[in-house]
Amino acid sequence: MSKKRDYYEILGISKSATAEEIKKAYRKVAMQYHPDRNPGDKVAEDKFKEAAEAYEVLSDTQKRANYDQFGHNTPGGFGGGGGFGGSGFGGMNVDDIMDMFGDIFGGGQRGGSRQKRGGQRGGNLRVRVPLTLQEIAAGAQKIIKVKKHVTCTICKGTGAKDSNSSTCTTCHGQGAVRQPVQTPFGTMNATAPCPTCNGEGRIIVNKCTVCRGEGRVYGEETVTLDIPAGATEGIQMSVSGRGNAGERNAPAGDLIISIEEIADPNLKREGNDVVYTLYISFVDAVVGNPAIEIPAISGKVKIKIPPGTQSGKIFRLKGKGLPSLNSYGIGDQLVEVNVWIPQNINQKEAQILEQLRHSDNFKPNPGKNEKGFFDKVREFFN
């Protein structure tokens, strides 16, 4: 007769493991050696039974204490026999087993089988909220009207015309019934929502004539939204409980807000920076201009154009951009200068320019620090 392995070793855990760690370890081992995943494999079946026996002992506080003290020689044994097919789950009911083996049973049943479900939860709603750059910069409060399911005001969401209701004769008011479930361990009884009352435990005698027993009708609701500063195109925010009303006072769904940026006629957004293209005259580029007014998020601002400004020059206005949504800091406004070259000039203007053609100051003479086009583009995006 082979010597029994240590239960902690079987599950791959330490002796200080918590109940949750024991459960997770057992689930992992049991999944690995489950007979359905290892058909005809006697070694895997034995390991599966071995893991079930270890879990039966270690998941029970008293049995674990006895095992820690006496090992496999615990006086009187562990009152079960562990393993596949017997009472080897330490008194676990089928709901606990199904919870651990949700991947095998399909999952999703246990959470609703322990209590009355009530009506169906309301569905989520999605709406798009357009914002200007000014609203994005400062944050905005938006009041919108949403067409959706709302609670019936006649029956106050109960779905009943009056207070008369009868206890469901199928589940006797429990909202759940026991039904056979085929498991790898044989047929077991599990709890499931009552099919007659849909898990509510009661039957409405006289349904509300307005909502026809649903407890909700299609209507419209005004919702106030507080949009934080720094939102970006496509970002989504959820407003809990402001979606469709649930059936018969079941929880409402959520309202999902998707932000849409309205294109600004003057400013282009680049992350948290905004870009403005400024066209200046040839004269302003040459002799400068002490105050040119340009648009900004906050309104109008003035900038100084120094003499000799080249086309493609970029001025940075610190803190004139957009705030970050989830962090500190504000972007900048970048002003890209383009020198406007007149396409049509009169004879007098042409004569003046001709006089300047051969002037040394009007001959191209770029310095070593003068940046080319690609250098300016790289600097701009960095």
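A polar contact is a pair of N or O atoms within 3.5 Å; within protein, one must be able to donate a hydrogen and the other to accept it. In this predicted model, such a contact joins the side chains of serine 324 and asparagine 272, at 2.9 Å.

**Serine 324**
- Serine 324 lies in the loop that runs between strand S14 (314-317) and strand S15 (333-340).
- Leaving aside residues up to four places away in sequence, serine 324 touches Ala229, Gly230, Asn272 and Gly329.
- Asn272, one of these residues, is also the partner of serine 324 in the polar contact between side chains.

**Helices H3 and H4**
- Helix H3 spans residues 42-58 and helix H4 spans residues 61-70; their axes come within 6 Å and cross at roughly 105 degrees.
- Because angles of 65 to 115 degrees count as roughly perpendicular, H3 is roughly perpendicular to H4.
- On the H3 side, Glu56, Val57 and Leu58 take part, and they meet Lys63, Arg64 and Tyr67 of H4.
- The residues of this contact divide into 3 nonpolar and 3 charged, with no polar ones.

**Glycine 241**
- Glycine 241 sits in the loop between strand S8 (236-239) and strand S9 (255-261).
- Its relative accessibility is 34%, so glycine 241 counts as partly exposed.
- Glycine 241 touches Ala252, Gly253 and Asp254, with residues up to four places away in sequence not counted.
- Leucine 255 is 14 residues from glycine 241 along the chain, and the C-alpha atoms of the two are separated by 7.1 Å.

Technical notes: Residues numbered from 1 in each chain as written. Predicted model: local features only at pLDDT ≥ 70, side-chain atom pairs only at ≥ 80, totals over all residues. Heavy atoms only, no water. Helix = DSSP H or I, 4+ residues; strand = E, 2+ residues; numbered from the N terminus. Contact = heavy atoms within 4.5 Å. Axes fitted to C-alpha atoms, helices over the stretch in contact; angles between N-to-C directions. Parallel < 35°, antiparallel > 145°, perpendicular 65-115°, else oblique. Nonpolar A, V, L, I, M, F, W, Y, C, P; charged D, E, K, R; others polar. Buried < 20%, exposed > 50% of the residue type's maximum accessible area, 1.4 Å probe, protein only.
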